[in-house]
Amino acid sequence: MKKIQIINGPNLNLLGKREPAVYGNTSFEAYLNELRRLYSQCEIAYFQSNIEGELIDKIHEVGFEFDGIILNAGAYTHTSIALHDAIKAVKTPVIEVHISNVHARESFRHISFLSPACKGVILGFGMDSYRLAVEAFL
Ligand code: DQA
């Protein structure tokens, strides 16, 4: 059974409540239930943290064991060389995802420190970005 780890970064614990015009009305927990139902042939583990170092620790923890990591690092995408290095340090391929189309938003969101270290990037499809990343790993 393939093992996929979803990692969500800062403020993504507030999905469903946070800026619904941008991020929608669904909580990540509700979406995750649906994702696990759709892809019962694989294990989908989930971790969220608002703390950069905890995201790095999780990448280290699963990055030699899991088949894929789906990472939405939130705003750390646009700032974190440490997350770039963590992605490069592990064996498991990482797909960077974003719910919104960051290129259609403020210019500070146009830069990703993570994309060069990732296998691919999926963005702008709402919550469905995560499902598309699962598809890509399968
Ligand atoms: C986000 C886009 C980021 O720019 C923002 O800081 C987030 C969410 C997205 O999923 O669209 O927190 O990663």
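These legends go with close-up views of the ligand and its pocket in a predicted model.

Residues are numbered from 1 along each chain as its sequence is written. In this predicted model, local features need pLDDT of at least 70 and side-chain atom pairs pLDDT 80 or more, totals for chains, interfaces and linings use all residues, and side-chain values use heavy atoms, with hydrogens and water left out.

**View 1. Who surrounds the ligand.** The shell (residues with a heavy atom within 4 Å) includes Tyr-23, Asn-72, His-78, His-98 and Ser-100. By class, that's 4 nonpolar, 5 polar and 2 charged residues, with Gly counted as polar and Tyr as nonpolar.

View 2. Ligand oxygen atoms sit 3.1 Å from a side-chain N or O of Arg-18 and 2.9 Å from one of Arg-109. The protein covers 99% of the ligand's own 320 Å² of accessible area (Shrake-Rupley, 1.4 Å probe).

**View 3. The largest pocket.** The ligand takes up this space, which has a volume of about 150 Å³. Of its 15 lining residues, Arg-18, Tyr-23, Gly-74, Ala-75 and Arg-109 come closest to the centre. (A pocket is an open set of points on a 1 Å grid over the protein atoms alone, where a 1.4 Å probe fits, with protein on both sides within 12 Å along at least five of seven lines; lining residues have an atom within 4 Å of a point. A molecule sits in one if more than half of its atoms lie within 2 Å of its grid points.)

Notes
A polar contact is a pair of N or O atoms within 3.5 Å; within protein, one must be able to donate a hydrogen and the other to accept it, and residues adjacent in sequence count only if both atoms are side-chain atoms. Grid points are joined across faces, edges and corners, and a volume is the space filled by probe spheres set on the points.
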